[in-house]
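Here is a short briefing to read alongside the structure.

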Amino acid sequence: MDITKIRSLIAEMTLEEKAGLCSGADFWHTKAVERLGVPATMVSDGPHGLRKQDDGADHLGVNDSIEAVCFPAGCATAASFDKALVNRMGRAIGESCQHEKLSVVLGPAVNIKRSPLCGRNFEYLSEDPYLAGEMAAAYIQGVQSQNVGTSIKHFAANSQEHRRMSSSSEADERTLREIYFPAFETAVKKAQPWTVMCSYNRINGVYASENRWLLTDVLRDEWGFEGYVMSDWGATADRAVGVHAGLDLEMPSSGGINDRKIVAAVRAGTLAESDVDLACERILNIVYRYTENAKPDTPWDMEAQHELSAQIAAECMVLLKNEGGILPLSKADSVAFIGEFAEKPRFQGGGSSHIHCFKTTSAVQAAEGLNVTYARGYDTAADRADDAMIAEAVAAAKAAKVAVVFAGLPDSYESEGYDRRHMRMPECQVKLIEAVADANPNTVVVLHNGSPVEMPWIGRVKAVLEAYLGGQAVGLATVRVLFGDADPSGRLAETFPLRLQDNPSYLYYVGEGDATEYREGVFVGYRYYDKKEMDVLFPFGYGLSYTAFEYSNLRLSAASVKDTDALTATVTVKNTGGRPGKTAVQLYVRAGEGEVIRPVRELKGFEKIELQPGEAKDVTFTLDKRSFAYWNAALHDWHVESGDYAVEIGQSSRDIEVSAPVHVESTVAVPMHYDANSILLDVMKSPAGAAAMKPIIDALTATFGGGEGSAAEEAISTEMTLAMMNYMPLRGIISFGGDQLPPDFLDRLLEQLNG
Ligand code: BGC
């Protein structure tokens, strides 16, 4: 429906009807206005499949929902580094939405993995905002290609579950702009999600649901978001303030209480009716975009999606260790599958994303027909080492050529609603891995977890395959990867630190009371570990393959560019191994020396490519201003410091294969305001300041500099004089040489400098 018609429809509504439209009819529906023929629409969780509840509604995945297909969770799909793949998954989910008459699926969930402890990390994508943004955009484009909407969530800075409905994420603007916002920004600019879900928490004291700066100034005015903003379930605080801030739809229903508050606020003159009209306009726009394109006869082939889910899961798996090339296994070998997860895989997390799968395939089921035995090894419910189970597992391991232990985190260890307290795996699983590794030198570990774990046993096993929470067909995918029918081509979307204490947020996570200070600033994930040159268990971007890749011949389109120019970087990648395989070519930008404190390198491009043995391909990336920029608080904008940068291409943040220098020249000057406390170093950066100060500096140098002594003493003295000069405030000139200066010298100088 075009906007004029929507506006005339709104003009016919009473204030009560309009206020009513701004909240849900129930848990999952927008309201109908029957009198005017406005239909209700349904939304549903998300993100990695449909959690459509027919009745017994709740937002924590407690009550049942319809049978659906569970695709790999965000922790896994991000590791695919494959935009086309998540786009395909999005399309499949979009088709299911059409089939199920859903207008919007509640996802993707893109909050940044600040700490490995966040209970919802399994649903989120990455510690890196660029990767999260690109993958989210691809997913959104996929879903929305089917004419149903997405709801990118949870906007913003919602990186912990602890006190999730009251905590305040305290972060400076640069940190928000560089780390916590870009996943949303990229998705909005590239894929225009139909809706955005605001988060439960506050940002610097203001609830996201009441934050006009967030929901209007940044989201709409700066980024150009055109859809409607809905609240997370129960995130609405002061409803009238929220409407003005840009929170269009309250979910779920507040039983009319908050609608009446909107009406009262308009009547009292504290809320403009035009704000309510605008919210209605945005909601109706999406309601009709869906209803006018609804195709309820779209088929939903769940079996085909199960197979798709298996294919996606295989592409997400990260091979962390493969000593002596023990993997892939030969189908002729005798193999013992050990651990409850082999039979009952953990493939999704708890909470609102929990899907009622129409079927699951475990590794044990998928290995039917192969020479595979099974021993349970541990009981996830008991969470206690059981000697008899371990003895049975050891016997199975001894009887087989290779032992594969399926381990990770049980459901209770990580879930929506609460955070983990540590990064350890259950003791019973650690004991099992150690006992099996002692019994069989060919031990492989498959991990099912939504977030990094400590691996004290890593040195005792030959291989580790990170399968994450890989969806309902993860068993099928695992067997394909273990036996070489698929290449493990996932790469870590997050750093695995050696221990929790190494994580940059460790000292401040989860905050004090409701205040969660993001004191590590922009140094999240590898931005921190790389700067500190710290050893990590596995770096960001890392992952092995069954084949090998060689990177060469990096060429840039120019050696020097302005920040307004585009720069292209092309690299040749060759498969030098004996098997076909895929790799994620990663481009990082490294900032040279400058005045701004910056990470060593930041991801600014990635491309997943497939190569046959011996095949080589050129991969080209285009970089722009943003690739080199940081958020400048004074300019209140992105800014590039003029200087030397390096374009680095490699296989992980710690494995840069080729690098090329480039000079980038800024076209924007950072405005400076000078006062009596401005130091000479800064004053001299302005041509007027340099000219005015030259004679004075010469005179001061003559007074303080020089002196007799050895060459070394002179060098120190020169260095000292220079430093003294540089760090002297303008008012210091008066202190040290005021008698030789005109009385209005400082005022005139400041006028000139600021003029
Ligand atoms: C979650 C959202 C979810 C909503 C509806 C909330 O508790 O934070 O991610 O979409 O419930 O189930």
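A polar contact here is a pair of N or O atoms within 3.5 Å. With that cut-off in hand, take a look at the ligand in this predicted model: one of its oxygen atoms is 3.0 Å from an N or O atom in the side chain of Tyr-200.

**Around the ligand**
- The ligand is surrounded by 15 residues, and the closest are Asp-45, Arg-120, Lys-153, His-154 and Asp-232.
- Asp-45 places a polar side-chain atom 2.5 Å from a ligand oxygen atom.
- For Asp-232, the distance from an N or O atom of the side chain to an oxygen atom of the ligand is 2.7 Å.
- How much of the ligand does the protein bury? Taken alone, the ligand exposes 310 Å², and the protein buries 100% of that.

**Helix α10**
- Helix α10 runs over residues 257-268, and its 12 residues reach 16 Å from the first C-alpha to the last, close to the 16 Å expected at 1.5 Å a residue.
- Which residues of α10 are buried? They are Asn-258, Asp-259, Ile-262, Val-263, Ala-265 and Val-266.

How values were computed:
Residues are numbered from 1 along each chain as its sequence is written. This is a predicted model: local features need pLDDT of at least 70, side-chain atom pairs count only at pLDDT 80 or more; totals for chains, interfaces and linings use all residues. Side-chain values use heavy atoms; hydrogens and water are left out. Helices (H or I, at least four residues) and strands (E, at least two) are DSSP runs, numbered from the N terminus. The expected span of a helix is 1.5 Å times one less than its number of residues. Buried means under 20% relative accessible area, exposed over 50%, partly exposed in between (1.4 Å probe, protein chains only). A residue is near a molecule or strand if one of its heavy atoms lies within 4 Å of it. A polar contact is a pair of N or O atoms within 3.5 Å; within protein, one must be able to donate a hydrogen and the other to accept it, and residues adjacent in sequence count only if both atoms are side-chain atoms. Accessible areas come from the Shrake-Rupley method with a 1.4 Å probe; for residues, only the protein chains shown count as cover.
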